[in-house]
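I opened my notebook to write down, step by step, what I looked up in the backbone of this protein and in a few of its residues.

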Amino acid sequence: MRFNIPEHFVRTQIDLQGEAGLDWLAGLPALVETCAAHWNLTIDGMMEPLTYNFLVSARRSSGLPVVLKLCPPDGEFASQRAALHHFAGNGAVRLLGWNEPRDVLMLERCVPGHSLHTLTDDEAIEVAGSTMRRLWKPLMTAAAFPTLDDWAKGFHRLRHHYVGTGPFRDALVERAERRFAAFDLSSDDVVLLHGDLHHGNILAAKREPWLAIDPKGVLGVPEYEPATFIINQTTAAVNARDLRRLLARRVDGLAASAGLDPLDVRDWAVAHAVLSAWWTVEDHGRVGEFALTCAEALASD
């Protein structure tokens with residue numbers, strides 16, 4: 001079995017894992033064949049676009065369309081699997097099987113599968129807000145998941161890396177740190193968040209009109225969830241004549257749709273945008289400029 005793996009995907013794996021990423025890529029064809037035999041699947045082919053995980057479309061012996069999600073050895077497989085198990089198909093794709101030693105998930109495939117990128121921004125806001133509400137439900141055990149406190153450790157790494165804040169404005173980093181520092185894991189408001197619920201991670205499906213995919217699974221407050229959507233680098237955002245106004249509309253729309261306080265949603269979006277810009281430094285060696293621009297725009301209101 002052979003795949004024509006895009007160069008950008010190869011570069012991403014090298015950026016994230018170095019030689020280990022190349023070894024993982026080299027083993028993908030054999031791993032897909034092993035999974036196909038184990039689950040009695042017919043492989044249809046590689047799916048695109050690819051970002052961090054390798055996706056293969058397949059069909060079970062019953063004809064049910066599925067997705068094989070082959071996760072690189074970066075430590076997120078366990079939280080992804082546990083999050084999907086927790087969501088149990090309520091607003092998210094169903095987890096149909098997994099191979100833990102090899103970090104592979106077998107998932108319900110969304111058909112027709114187009115994302116919120118096909119909608120207007122206002123339409124997408126309404127769908128995203130209603131999807132968020134469906135995902136938040138009581139969690140029986142928190143053992144498998146990172147927390148917002150864990151994610152906040154990124155600010156310590158930022159300051160150590162630059163011996164200060166480098167290209168990040170001091171006041172902006174301090175504001176983000178304060179917001180994360182106020183998080184209380186013992187609060188009754190804490191739920192399991194998707195953690196990456198942007199336009200591309202909500203797909204059209206038949207079982208439900210829209211289903212979330214690719215959860216990170218992080219324990220936090222609901223007001224944090226809209227942040228990834230708010231700063232998502234969509235065509236509308238990139239081409240916006242007034243980015244601050246577009247971001248404000250996303251904040252207000254998602255707060256209304258998901259039943260959240262817009263001021264808290266905005267503050268978390270600022271904090272997340274700074275952290276996201278730093279994560280790009282860690283993953284790719286460059287500042288996430290669009291995320292940082294969004295942080296400045298949101299903080300200026």
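The entries below follow the order in which I looked things up, and I keep in mind that the model is predicted.

**Entry 1: cis peptide bonds**

I began with a rule to hold in mind: most peptide bonds are trans. Another cis bond joins valine 111 and proline 112, where omega is about 15°. I found proline 112 in the loop that runs between β5 (104-108) and α5 (121-135).

**Entry 2: positive phi**

Next I turned to phi, remembering that most residues other than glycine have a negative value. Alanine 88 is not a glycine, yet its phi is positive, about 55°. I located alanine 88 in the loop between α4 (77-87) and β4 (95-99). Is alanine 88 buried or exposed? Its relative accessible area is 53%, and the cut-off for exposed is over 50%, so alanine 88 counts as exposed.

Valine 163 also went into my notes, for its phi is positive at about 50° although valine 163 is not a glycine. Where is valine 163 found? I traced it to the loop between α6 (148-162) and α7 (170-181). Valine 163 is exposed because its relative accessible area is 77%.

Which residue in β5 is the bridge partner of asparagine 99? I wrote down valine 104. The hairpin has four residues between the strands, and in this hairpin aspartate 103 takes a positive phi near 55°.

**Entry 3: arginine 133**

What does arginine 133 touch, once residues up to four places away in sequence are not counted? I listed Ser257 and Ala258. I also checked leucine 263, which is 130 residues apart from arginine 133 in sequence, while the two are 18 Å apart in space, C-alpha to C-alpha.

Key: Residues are numbered from 1 along each chain as its sequence is written. This is a predicted model: local features need pLDDT of at least 70, side-chain atom pairs count only at pLDDT 80 or more; totals for chains, interfaces and linings use all residues. Side-chain values use heavy atoms; hydrogens and water are left out. Helices (H or I, at least four residues) and strands (E, at least two) are DSSP runs, numbered from the N terminus. Buried means under 20% relative accessible area, exposed over 50%, partly exposed in between (1.4 Å probe, protein chains only). Contact means heavy atoms within 4.5 Å. Two strands pair if DSSP finds at least two bridges between them.
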